[in-house]
Amino acid sequence: MRSFVRFHFSLPLQTLNPTEPNARLRSPWPFSLLTQAASISSLKVAWRKDRLLDSAIERDKRWRLCARVVREVLNEPGHAIPLRYLEKRRERLRLPVKVKTFLCRYPNLFDLYPDRVKPKTEPVPFLRPSPRLHSFLALEASLRARHEPLVLAKLCKLLMMSRDKVIPAEKLLNVKRDFGFPDDLLTSLVPKYPHLLRLVGSPGEGKSFLELVSWNEEYAKSVIEQRADEEGRLTGIRMRPNFTVRLPPGFYLKKEMREWVRDWLELPYVSPYADASGLHPASPEMEKRMVGVLHEVLSLSLLRRVAVPVLGKFYEEYRFSNAFANTFTRHSGIFYVSLKGGIKTAMLREAYDQGELVDRDPLLEISDKFAEMMEDGYNEYMERLRTKREAMQKDLELMAKRNAELSEDESSEKL
């Protein structure tokens, strides 16, 4: 059984005065505690490797590579590309083998056919999607249509957490794969919901912004708040929202840091959707708010993990401090930073169990179907290899038998 540490506190619910500004953010805790927390928050926790969480990043590496190659072909006019052109892009695609080797390993992805690059030139091998890939693309379109309300909620939530309820469109397009947004997000989804979203600026010039038109209270509740509400319904006791802290086996905090974590967890939860303009940048409440935003952003991502440099691009929109990356190690019971692949990736600990993603996003059904298709193709390749090796083995055995018979005949003739 996996061992972990949970910090739970039975604290009195705060009485709010709705007439006061930032009522949700007022703290019942004495100033001495807040001052102590603010000073200790600069303490650092040593990073420690978590092999199980690292393995989660490695596990789907092969399918991410395949997806890059598929997107490269689908982005071409007519969804076709000369084989030699794709070979020249190997380095950019980070493809470790030749394209022909890749095609052999995944034979159900593309069809090879002859065509001319220019008129009056000799035909060369071209690639185009196979019938199997076309079937997957149709399935993907169906699944995206089914899960569109989820995608819309994610997009609105990202805007609602931002300082001015507006985010540069380019930044959202850069993270579309992290959150499961469609490639044509700005042209297909946004225009369908003018009462919620508005694209302003010049999209063609890269100076466009996605703006929140109206506030949807149904979206303004974080995963942590939803969890507290659900526990309250099950127990009949009003639960106070707070983070779940799970330290991996063998991971211990120093006494000073352990006490700080305890005191910090006792502070009221600050919703990432609440107005934070009245919080001091160095206050423990701002730290609570920043952890809440990071937790919510990771909870909205497909795999409950996002590269730290990608998160850093939103530091202005989400009021992150310049040293926001230290938050992940300072709160090692909530987050983990993996160094796999030569890039820092922030992961949500509670979303994983023994390195397996247990908090699965419904949009992962698409990648699961893609992985299933790729696995079928790879199994076909391995079966061909096995059949070829068995045939070669039989040929070798037959040759050895014939050589043995010839040797016996030669020996008989000499006698």
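A salt bridge is defined here as a side-chain nitrogen of Lys or Arg within 4 Å of a carboxyl oxygen of Asp or Glu. The views show a predicted model, in which local features need pLDDT of at least 70 and side-chain atom pairs count only at pLDDT 80 or more, while totals for chains, interfaces and linings use all residues. Residues are numbered from 1 along each chain as its sequence is written, and side-chain values use heavy atoms, with hydrogens and water left out.

**Figure 1. The salt bridge between Glu287 and Arg330.** The closest N and O atoms of this pair are 2.9 Å apart. Glu287 belongs to helix H14 (residues 284–300) and Arg330 to helix H16 (residues 326–330), so that the pair links distant parts of the chain, 43 residues apart. Helices (H or I, at least four residues) and strands (E, at least two) are DSSP runs, numbered from the N terminus. Glu287 is buried at 8% relative accessibility, and Arg330 is buried at 11%. Buried means under 20% relative accessible area, exposed means over 50%, and partly exposed lies in between (1.4 Å probe, protein chains only).

**Figure 2. The salt bridge between Arg349 and Asp50.** The two side chains meet at 3.0 Å, N to O. Because Arg349 lies in the loop between strand S9 (345–348) and strand S10 (352–353), and Asp50 in the loop between helix H1 (31–40) and helix H2 (51–59), the pair ties together parts that are 299 residues apart in sequence. Arg349 is buried, with a relative accessible area of 6%; Asp50 is also buried, at 8%.

**Figure 3. The salt bridge between Lys176 and Asp183.** The closest N and O atoms are 3.4 Å apart. Lys176 is buried, with a relative accessible area of 16%, whereas Asp183 is partly exposed at 46%. The structure holds 33 salt bridges; elsewhere, Glu72, Glu76, Arg89 and Arg92 are linked in a network of them.

Figure 4. Leaving aside neighbours within four places in sequence, Phe102 is in contact (heavy atoms within 4.5 Å) with Cys66, Val69, Leu95, Val97, Leu109 and Phe110.

**Figure 5. The loop residue Ser130.** Ser130 lies between strand S3 (124–129) and helix H7 (131–146). Ser130 is buried, with a relative accessible area of 3%. Residues up to four places away in sequence not being counted, Ser130 touches Asn108, Leu109, Phe110 and Asp111.

**Figure 6. The open sheet of three strands, S4-S6-S5.** The pairing in this sheet is antiparallel; two strands pair if DSSP finds at least two bridges between them. Strand S4 (166–168) and strand S5 (197–202) stand at the edges, each with a single partner strand, so one side of each is left without a neighbour in the sheet. The twist averages 25° from one strand to the next. Three bridges join S4 to strand S6 (residues 207–212), and Pro168 has Phe209 in S6 as its bridge partner. Helix H8 lies across S4, S5 and S6, running at about 100° to S6. Axes are lines fitted to C-alpha atoms, for helices over the stretch in contact, and angles run from 0 to 180 degrees between N-to-C directions.
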